[in-house]
Amino acid sequence: MQVSATQSTVTWDAASTAVRAAVEKAAAIGAAINVAVVDRGGVMVSFLRMPGAPLHSVEIAIDKAYTAASFGLPTGQWHEALESHSVAVQRGIPLRPRFVAFGGGLPLVVGSERVGGIGVSGGSEEQDEICARAGLAAIGLDG
């Protein structure tokens, strides 16, 4: 019986590159954001907050990253994903602590393995998504 397993996770170097790229994209499009990268277990690896980014968005960015890492689904796709489930699931999942069901959170996937998540909050949903995708692109991942 195997008692332990090796699991890949995002490195601090990749996480810091991704958050910086997201902030640089935000500056280019005129948004002020908070951006977080978490590892595969939802633990923070890197975070940046731009001056003027909404304070409530700090936790929202972290929770977007957590939601994307924990389920492996972009946060903006949850409404569509829940449509195929029972009413109980449709109502229950969004009530989970730290669950976010609007755009700006993306899973970090290398090959077929989920290694973390990135979450952006502070701009519009569209701006948050653009910045999160810029973060992924900076480390060679698709979003």
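## Strand β4 and its partners

Asn34 stands opposite Ser121, a residue of strand β4. This pair can be found in a predicted model, in which β1 and β4 run antiparallel and are joined by six bridges. Strand β4 covers residues 113–121, and β1 covers residues 34–39.

On β4 there is also a pairing with strand β3, residues 105–110. These two strands are antiparallel as well, with six bridges between them. Within this pairing, Val109 has Arg114 of β4 as its bridge partner. β3 and β4 form a hairpin with two residues between the strands. In the turn, Gly111 has a positive phi of about 65 degrees.

## Burial of β4 and Gly117

Seven of the nine residues of β4 are buried, so the strand is largely enclosed by the rest of the structure. Gly117 lies in this strand. Its relative accessibility is 0%, and because buried means under 20%, Gly117 counts as buried.

Which residues is Gly117 in contact with, leaving aside neighbours within four places in sequence? They are Ala36, Val37, Val38, Ala65, Ala69, Leu106, Pro107 and Leu108. The C-alpha atom of Gly117 is separated by 9.7 Å from that of Asp63, and the two residues are 54 residues apart along the chain.

## The hairpin of β1 and β2

Strand β1 also pairs with strand β2, residues 44–49, in the antiparallel sense over five bridges. In this pairing, Val38 has Met44 of β2 as its bridge partner. The two strands form a hairpin with four residues between them, where Gly42 takes a positive phi near 85 degrees.

Ser46 is a residue of β2. At 12% relative accessibility, Ser46 counts as buried. Not counting residues up to four places away in sequence, Ser46 touches Ala15, Ser16, Val19, Val35, Ala36 and Val37.

## Packing of helices α1 and α5

Helix α1 spans residues 12–29 and helix α5 spans residues 125–138. The two pack with their axes 7 Å apart, at an angle of about 135 degrees. The helices α1 and α5 are therefore oblique to each other. Their crossing is right-handed.

On the α1 side, the contact is made by Thr17, Ala18, Ala21, Ala22, Lys25, Ala26 and Ile29. From α5 come Gln127, Ile130, Cys131, Ala134, Gly135 and Ala138. By class, nine residues in the contact of α1 with α5 are nonpolar, three are polar and one is charged.

Methods: Residues are numbered from 1 along each chain as its sequence is written. This is a predicted model: local features need pLDDT of at least 70, side-chain atom pairs count only at pLDDT 80 or more; totals for chains, interfaces and linings use all residues. Side-chain values use heavy atoms; hydrogens and water are left out. Two strands pair if DSSP finds at least two bridges between them. Buried means under 20% relative accessible area, exposed over 50%, partly exposed in between (1.4 Å probe, protein chains only). Contact means heavy atoms within 4.5 Å. Axes are lines fitted to C-alpha atoms, for helices over the stretch in contact, and angles run from 0 to 180 degrees between N-to-C directions. Angles under 35 degrees count as roughly parallel, over 145 as roughly antiparallel, 65 to 115 as roughly perpendicular and the rest as oblique. A crossing is left-handed if the near helix is turned anticlockwise from the far one by less than a right angle, and right-handed if clockwise. Ala, Val, Leu, Ile, Met, Phe, Trp, Tyr, Cys and Pro count as nonpolar, Asp, Glu, Lys and Arg as charged, and the others, Gly among them, as polar.
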